[in-house]
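Please read them with the structure open beside you.

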Amino acid sequence: MLKLMVISVPAVEVELASDALWALGVQAVEERDVGGPTEDHYVELWTSLGDDVDIVTRAADGFPARWRWRLVEVDESVASTWRAHAVATWVERDLVICPAWVELDAPDDAIVVRIEPAGTFGLGDHSTTMLTLRAMRRCLFPGATVLDVGCGSGVLAVAACRLGAARAEAIDIFPAAAAVADDNAARNGVAGRVSASTTPIGDISGHYDIVVANILAPTLIALSDDLKRVLATAGVLVISGVLADRYDHVLEALRPLKVIATDHLGGWAAVTLRW
């Protein structure tokens, strides 16, 4: 049996809540209209955030209090029907993130990053992931070191090494993430250059040329001191998971880092900062 998270949100906030879930890297979100009076009309969003109740609870801490949530158990075969509809995501003309089980006829010069999310989050198709990939690629240089904070399935870390980084460290609080990220690194021929773990960022002691953090605003703020601490003197920080019109509070927490680029897509933003 598989645990699914069910979030009840006001109907007028369905799009916002769905986007928040996609930003966490879920593979599918099902909407169920539960009716009720127009002034108190709620919709249920069904998705998977893994089986660890403590971790799911921490993820839900970033949601508004009015979004009620619970866990339900369902048959795993039913919960996996989304895989039949998964497609490749073209990030740029020569960069594509492709589900590991999907056949793809790509040009010879295209970098194809194949990802099996398994029980983690991140198939590379959400706007925040695409924005982060594009911003990270602009900053990458041969031999760069990369830290992927909240790595999920390892999309960003694996892509960084495929694009020329010397090594990438991928960290996530979700226990399953490390094994899945390592598996995806091996699948893409960069196993020796990606190191995945559940090491908290507070325990990371090195400095990195590029730090990427595609996580929601409350977590970015909570981790802001450590994000700055691990960034090399000439390094670049790329954050995403923030709404395009609502991230000034995140930038305030990241001062004195300065914004050097901002990209928008689908109502979300990725911001590139440096010292």
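Predicted model: local features only at pLDDT ≥ 70, side-chain atom pairs only at ≥ 80, totals over all residues.

1. β8 and β9. Strand β8 (residues 145-149) pairs with strand β9 (residues 167-171) in the parallel sense. The pair is held over 5 bridges. T145 has R167 of β9 as its bridge partner. V149 stands opposite I171 in β9. Is β9 enclosed or open to the outside? In β9, 4 of the 5 residues are buried, so the strand is largely enclosed by the rest of the structure.

2. β9 and β10. These strands run parallel and are joined by 4 bridges. E169 stands opposite S195 in β10. The chain goes from β9 through helix α6 (residues 177-187) to β10. That β-α-β crossover is right-handed.

3. The 3-strand sheet. An open sheet of 3 strands has the order β5-β6-β7. Its pairing is mixed. β5 and β7 (111-115) stand at the edges, each with a single partner strand, so one side of each has no neighbour in the sheet. Neighbouring strands here are turned by 25° against each other on average, direction ignored. β6 and β7 run parallel, joined by 5 bridges. V96 has V112 of β7 as its bridge partner.

4. Helices over that sheet. Which strands does α4 lie across? They are β5, β6 and β7, and α4 runs at about 30° to β5. Helix α5 lies across β6 and β7. Its angle to β7 is about 150°.

5. The D94 to R137 salt bridge. The side chains of D94 and R137 meet at 2.9 Å, N to O. What does this pair tie together? D94 lies in the loop between β5 (89-92) and β6 (95-99), while R137 is in helix α4 (residues 127-139), so the pair links parts that are 43 residues apart in sequence. D94 counts as buried, at 19% relative accessibility. The cut-off for buried is under 20%. R137 is partly exposed, with a relative accessible area of 24%.

6. The R138 to D263 salt bridge. Here the side chains meet at 2.7 Å, N to O. R138 lies in helix α4 and D263 in strand β13 (residues 258-265), so the pair ties together parts that are 125 residues apart in sequence. R138 is partly exposed, with a relative accessible area of 49%.

7. K228 and D225 both lie in helix α8 (residues 224-229). They are 3 residues apart, about one turn of the helix. Their side chains meet in a salt bridge at 3.8 Å, N to O. Which of the two is buried and which exposed? K228 is buried, at 12% relative accessible area, whereas D225 is exposed, at 56%. Elsewhere, salt bridges that share partners join E92, D94 and R137 into one network. In general, side chains of opposite charge can pair when their charged atoms come close.

8. The whole protein. How many salt bridges are there? The count comes to 10. The protein has 9 helices and 14 strands. Of its 275 residues, 52% are buried. Among contacts with a separation of 6 or more, 65% are between residues 24 or more positions apart. The accessible surface comes to about 12200 Å². Carbon and sulfur atoms account for 51% of that surface.

Technical notes: Residues numbered from 1 in each chain as written. Heavy atoms only, no water. Helix = DSSP H or I, 4+ residues; strand = E, 2+ residues; numbered from the N terminus. Buried < 20%, exposed > 50% of the residue type's maximum accessible area, 1.4 Å probe, protein only. Contact = heavy atoms within 4.5 Å. Areas by Shrake-Rupley, 256 points an atom, 1.4 Å probe, with all protein chains shown as cover. Salt bridge = Lys/Arg side-chain N within 4 Å of Asp/Glu carboxyl O. Pairing = 2+ DSSP bridges. Right-handed = clockwise from strand over helix to strand, strands pointing away. Axes fitted to C-alpha atoms, helices over the stretch in contact; angles between N-to-C directions.
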